[in-house]
Amino acid sequence: MRHLLLLFLAFFLSSAGLWADDRQDFVAQLVVQLQDSTEEVQDKDYQCITVSPGMMEKMLEMMQSSNEEYFKNEKIQKSLPNIKSLRIFIATQHPEKYKQEVERLLDKKKRVYQPYKNDLNDKNEPCVWLRRNKNKIIEIIAMQHQDNNEENSLKVVDFTGNLTHEFVSELLKM
Amino acid sequence: MDYKYIEQLLERYWEAQTTVEEECLLRDFFKQEHLPSHLERLRPLFHYESTAQEMCLGDDFDAKVLSQIDERSVTVRYNTIGYRLRPFYKAAAAVAIIFTLGMAAQHTFEQNSQAEAEQNYNYANYKDTYTDPQVAYEQVSSALETISGGLRASGMGLQNDTTLIKK
Amino acid sequence: MINFKADVLPLKNRLYRLALRITLHTGEAEDIVQETMIKVWAHRAELSGPQSAEAYSMTVCRNMALDYLARKESRHAALDDAAHEQADNAASPFQQMARQDGLMWVGRLFDQLPEKQRTVMQLRDIEGKPYKEIAAILGITEDQVKVTLFRARQRIKEQFEKISRYGL
């Protein structure tokens, strides 16, 4: 009887999203996974840039008055205030290993992060994942593995906020 | 015949060093018909142990105890309405808990659907890498540019993308 | 969940032998087994499974047997010495059983051991229980079980040597 009640409690709590894990964005969870990993993971291998909501607000003005093509896009401009945070994970050493870690976490969290479906994309491997809550997009993850003469690195960009499909497609358009 | 092994076992038996299996072995050994005289004297001990295992209660015991159990199960001690309703109290409590949890979960779901992203992420834990917004802006722009360039290059871009010729 | 017929009733004989080894009295031992089973059944909700039922039953049984011994001691204190002697010389059931095989004196050896030693001998040499279980039933450590068993066996060894030296 007692065990059954505990089971119900756990079920409701988890479905109510109260597990601390899911209150972190993807990159934060990735870093935790790397630190918990028994394999040797060098701190020097990767870097994580964090932009908090507070810093985002301060940057907003700069982004809105920017001359960069990137930020001049109307649709992007519209979305800028709705971006709450940004994290960028960059691995300059052994990017393949980190790509595997990313894929491992994505697999673990496949109920949370779904691959972004773009009808015009005919590539098999998705590089963008979305986290939704009801009909709102609350997180966007974009992963890029660059392997050419100039550099071999893995980058993961992680936006959270009240985001839209429009923003995602604009982001990719750019 | 070499009785060295048995003698060693016996030594350990007196010292309480033997295992249950070894003790079984000893008892079995002493069941043999012919034993050397120096070991024969110990036969009664192990024979006694083997026999004592067979000590049993009579056949009528089962009936006697079962009748006692039946009597006591229907004990009159707590035969009040409160006692009889106990299982229902437990069930009611369980239903109440589940109902409350369900309402709480529903409430949280509703909260989430209207919520700002604040409800979903613990922003208090975010530690800025750059304290100067200008520096942050430059780093972020450069990172974003690379990534969108990269995504473009990997074919994620839309077909009517005219900015491909840029840079 | 415990089932009476499947988990408790089958313990009857080893409970009987244990109670008998301690009380040295058949009628009393049988009553103790019954009382033990009733008590164990009353507490079945607290037991996690058949294994814990056995350990619990053996412990309850032993405690009831010890209570009987304690009551007997206090009764003995009231009797005069002559009656004392008579009571002590009566053959225990184990001895009576052993009589048929000419082993009565071995039974006597066992029964004359102090209670703890004869209980450990019963549980180990006759019931074949591991130290861990014996320790749980007696509420002592495994080391203490081993020491008690050692003492019991040494005593029996001495007696055997004495007998073989002087003949039966």
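User: What cut-offs decide whether a residue is buried, exposed or partly exposed?

Analyst: A residue is buried if 20 or more other C-beta atoms lie within 10 Å of its own, exposed if 12 or fewer, and partly exposed in between. The model discussed here is predicted. In it, A:Leu130 counts as partly exposed because it has 18 C-beta neighbours inside 10 Å.

User: Where is A:Leu130 found, and which residues does A:Leu130 touch, leaving out those up to four places away in sequence?

Analyst: A:Leu130 is found in strand β4 of chain A, which covers residues 128-133. With residues up to four places away in sequence left out, A:Leu130 touches A:Tyr113, A:Gln114, A:Tyr116, A:Ile137, A:Glu139 and A:Ile140. Between A:Leu130 and A:Val112 there are 8.2 Å from C-alpha to C-alpha, with a separation of 18 residues in sequence.

User: How are two packed helices described?

Analyst: The description uses the angle between the two axes and the distance between them. In chain A, helix α2 (residues 26-36) packs with helix α6 (residues 95-108) at an angle of about 115 degrees, and their axes are 10 Å apart. That angle makes α2(A) roughly perpendicular to α6(A). The crossing of α2(A) and α6(A) is right-handed.

User: Which residues of α2(A) and α6(A) meet?

Analyst: From α2(A) come A:Gln29, A:Leu30, A:Gln33 and A:Leu34, which meet A:Glu101, A:Val102 and A:Leu105 of α6(A). By class, this contact has four nonpolar, two polar and one charged residues. As a general idea, an α-helix has 3.6 residues a turn, so residues three or four places apart point the same way.

User: Which residues of α2(A) are buried, and what do the buried residues pack against?

Analyst: A:Phe26, A:Val27, A:Ala28, A:Leu30 and A:Leu34 are buried in α2(A). The elements of chain A that the buried residues of α2(A) pack against are α6 and the strands β1 (46-51), β2 (83-91), β3 (113-115), β5 (136-147) and β6 (152-163).

User: How many residues of chain C are in contact with chain B, and which helix gives the most?

Analyst: On chain C, 33 residues are in contact with 27 residues of chain B. The helix that gives the most to this side of chain C is α10(C), with nine residues. By class, the side of chain C that touches chain B has 19 nonpolar, six polar and eight charged residues.

User: Where in chain C is confidence lowest, and where is it highest?

Analyst: Confidence is lowest in helix α5 (residues 81-89) of chain C, with a mean of 51, and highest in α8(C), at 95. Chain C averages a pLDDT of 85, and 85% of the residues score at least 70. For the complex, the predictor gives an ipTM of 0.81 and a pTM of 0.46.

Key:
Residues are numbered from 1 along each chain as its sequence is written. Chains are lettered from A and ligands numbered from 1 in the order in which they are written. This is a predicted model: local features need pLDDT of at least 70, side-chain atom pairs count only at pLDDT 80 or more; totals for chains, interfaces and linings use all residues. Axes are lines fitted to C-alpha atoms, for helices over the stretch in contact, and angles run from 0 to 180 degrees between N-to-C directions. Helices (H or I, at least four residues) and strands (E, at least two) are DSSP runs, numbered from the N terminus. Angles under 35 degrees count as roughly parallel, over 145 as roughly antiparallel, 65 to 115 as roughly perpendicular and the rest as oblique. A crossing is left-handed if the near helix is turned anticlockwise from the far one by less than a right angle, and right-handed if clockwise. Two residues are in contact if their C-beta atoms, placed from the backbone, lie within 7 Å. Ala, Val, Leu, Ile, Met, Phe, Trp, Tyr, Cys and Pro count as nonpolar, Asp, Glu, Lys and Arg as charged, and the others, Gly among them, as polar. pLDDT is the predictor's confidence in each residue, from 0 to 100.
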